[in-house]
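Biologist: I have a sequence and a model to read. Please take me through the charged pairs and the helix packing.

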Amino acid sequence: MIAAIYARKSTSQDVADDAKSVTRQIEHSRVFAQKHGWAVADAHIYKDEAVSGAEFENRPAFVKMMAAATQKPKPTPGQPRRPQPGPPFTILIVSDLDRLGRESIETVYSIKTLAQRGIRTFAYLTDTEIKFDTPQSALVTQLAAFAAATEREKASSRTRDGLLRR
């Protein structure tokens, strides 16, 4: 199975590349893939740095990943219809659901879109698959996305409070 990796950090880090959160996420994702016998496609390692998880259209790597996952070949006029090839990867590895997004509706929609294309999403921190195949698993995913959005709001409030104090 071919795996892709998506890593994201919302704040910039002025540290050496090997100390960055995104670099660490990619390394841990590679180890996770190896543990499960999956090959990581280097062309499908996506990383967004210093971009909020609440953003979906303004995350270049996320947009590119979703485009690759959902690409459909254009039919050639006059040619017989051929079976459409699937996406270039069948596994997506993230550190946790909140790396995909911190806005509950968009995050859940992204997971659903990936699942509809036959892509399974795994979180290496919990060693679990993020599923959307039953009403129960969809609810669990929705609740986890809600928790991530709530944490984003809390962090934003703490930052505003800290700035006001200064």
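Modeller: One term to begin with: buried means under 20% relative accessible area, exposed over 50%, and partly exposed in between, with a 1.4 Å probe and protein chains only. This is a predicted model, where local features need pLDDT of at least 70, side-chain atom pairs count only at pLDDT 80 or more, and totals for chains, interfaces and linings use all residues. Residues are numbered from 1 along each chain as its sequence is written, and side-chain values use heavy atoms, with hydrogens and water left out.

Biologist: Is Asp 98 buried or exposed, and at what relative accessible area?

Modeller: Buried means under 20%. Asp 98 falls in that class because its relative accessible area is 18%.

Biologist: How many salt bridges does the structure hold?

Modeller: A salt bridge is a side-chain nitrogen of Lys or Arg within 4 Å of a carboxyl oxygen of Asp or Glu. By that rule, the number in the structure is five.

Biologist: Which residues are linked with Asp 98 in a network of salt bridges?

Modeller: Asp 98 pairs with Arg 99, with 3.1 Å between the closest N and O atoms. Asp 98 also meets the side chain of Arg 102 at 2.8 Å, N to O. The residues linked with Asp 98 in the network are therefore Arg 99 and Arg 102.

Biologist: Where does Arg 102 lie, and why does Arg 102 count as buried?

Modeller: Helices (H or I, at least four residues) and strands (E, at least two) are DSSP runs, numbered from the N terminus. Arg 102 sits in the loop between helix H3 (97-100) and helix H4 (104-116). Arg 102 counts as buried because its relative accessibility is 16%.

Biologist: Which residue forms a salt bridge with Asp 127?

Modeller: The N to O distance in this pair is 3.2 Å. The partners are 92 residues apart, Asp 127 in the loop between strand E4 (120-123) and strand E5 (128-130), the other in helix H1 (residues 21-36).

Biologist: How do the axes of H2 and H4 cross?

Modeller: Axes are lines fitted to C-alpha atoms, for helices over the stretch in contact (heavy atoms within 4.5 Å), and angles run from 0 to 180 degrees between N-to-C directions. The axes of helix H2 (residues 60-70) and H4 come within 9 Å. Residues in contact include Phe 62 and Met 66 of H2 and Leu 114 of H4. The crossing angle is roughly 30°.
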